[in-house]
There are 2 protein chains.
Amino acid sequence: MKRAVVLLSGGLDSTTVAAIAKSDGNEIFALTIDYNQRHRIELESAKQVATALEVKNHVILPLNLRSFGGSSLTGDLDVTKNIPIESIGNSIPTSYVPARNIIFLSIALAYAETIRAETIYIGVSAIDYSGYPDCRPEFLTAFENMANLATKSGVEGNKISIAAPLVYLDKTETIKQGLLLGVDYSLTHTCYDPTDKGLACGCCESCLLRLKAFANVGINDPIKYANC
Amino acid sequence: MKRAVVLLSGGLDSTTVAAIAKSDGNEIFALTIDYNQRHRIELESAKQVATALEVKNHVILPLNLRSFGGSSLTGDLDVTKNIPIESIGNSIPTSYVPARNIIFLSIALAYAETIRAETIYIGVSAIDYSGYPDCRPEFLTAFENMANLATKSGVEGNKISIAAPLVYLDKTETIKQGLLLGVDYSLTHTCYDPTDKGLACGCCESCLLRLKAFANVGINDPIKYANC
């Protein structure tokens, strides 16, 4: 059976991608990076999703990106709230974590090379993407080329592919695809600034995009929200 | 003053590179990744080198690559010993750590972007390089291009450069350059399989290359070796 490493945050996108990777016929090796993010509850979501999808293995790897800071998700900037939804993506928000997806893909690459996986799945989208430069297809292509120059497997001809099946989907289309695959979105976590009890705030950029997408699909978002 | 992040392992190469980065007029932000390597004593060397070079800051970041294994440096393969020195570099040895330099450069990139450093220095060499594919100049160029596509600073025109001043030097030339800059090589650690007391083994591929280089320079290596 072919093998895939899936970067699984526990969010809506990566959960959908894990379901897609499974439907593509892969044995799933899930990788979650505990980067000491503010929204640590997503680690619990990742565990639940991994269990629900019956992955072969789930590695949760600590890497404390608070050592550097530079982002609202790692503590030293405020999460942007209640901005007009049409302005999301016009500029790079405070939730940008320097080099996050490069780091995550690099670690996934180490995992993939070790277990001889053919593919790394990542849940980035260049459509509903909050303006992050590391969600664009030109980055993914450049990463894949670089990775195959720098690894033993790549040099030996066993190239590793980066699969980003959501890259041209907006979040509405992502949810529709996930529902077709039976994804249980009640397990997922999206909010950047959850309450102490783990409720989504409902007003950060991430909640706003999620709520809009569920409204577009025409179903209720199964997770609970605080009053914003 | 311009800023540089230096990937500092505590080894001979990265120590020389840190001295070069300083002589280039940079304020030095040293980054050491504690990847749970077998030769953990090099972390102590990194601290001593950082102190000796009076760096602005030194971050030692844990990232447990034993979670994946796949290398003699992270525990599940044996370190190669006593191979003919002329055969080093002919094939990729067991000490290859999957995607190590990609991961290290990615984390250095996060640090560099956060502190607005212009340059990341790394001590790789494509000459005395043990056959690692992630020490080659084509990898470094591909990484730099990818990094500037994927970061806020890159997209905004503040590109970050990867400097590898040893990439075309053999280890003899590296030591000569370091000595000109006043590097104290007694602080450095090179061995992949040190004794319990921290003595270099003298017969792993890394020791063999180091000893040969000091012999070529015509001076005694100032570190202590066990009887091999």
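This section describes the pairing of chains A and B and the sheet of chain B. The model is predicted.

Two copies of a chain are related by a rotation about an axis and a shift along it.

The contact joins 37 residues of chain A to 37 residues of chain B. On chain A, strand E3 (57-62), helix H3 (100-115), helix H4 (137-150) and helix H5 (152-155) each supply at least two residues to the side that touches chain B. H3(A) gives the most to this side, with ten residues. By class, the side of chain A that touches chain B has 24 nonpolar, nine polar and four charged residues.

In chain B, five strands form an open sheet. Their order is E3-E2-E1-E4-E5, and the pairing is parallel. Strand E3 (57-62) and strand E5 (161-163) of chain B each have a single partner strand, so one side of each is left without a neighbour in the sheet. On average, neighbouring strands of this sheet are turned by 25 degrees against each other, direction ignored.

Strand E4 (residues 119-121) of chain B pairs with E5(B) in the parallel sense over three bridges. B:Thr119 has B:Ser161 in E5(B) as its bridge partner. Helix H3 (residues 100-115) of chain B packs on the sheet. H3 touches E1, E2, E3, E4 and E5 of chain B. The direction of H3 makes about 145 degrees with that of E2(B).

How values were computed:
Residues numbered from 1 in each chain as written. Chains lettered and ligands numbered in written order. Predicted model: local features only at pLDDT ≥ 70, side-chain atom pairs only at ≥ 80, totals over all residues. Contact = placed C-beta atoms within 7 Å. Helix = DSSP H or I, 4+ residues; strand = E, 2+ residues; numbered from the N terminus. Nonpolar A, V, L, I, M, F, W, Y, C, P; charged D, E, K, R; others polar. Pairing = 2+ DSSP bridges. Axes fitted to C-alpha atoms, helices over the stretch in contact; angles between N-to-C directions.
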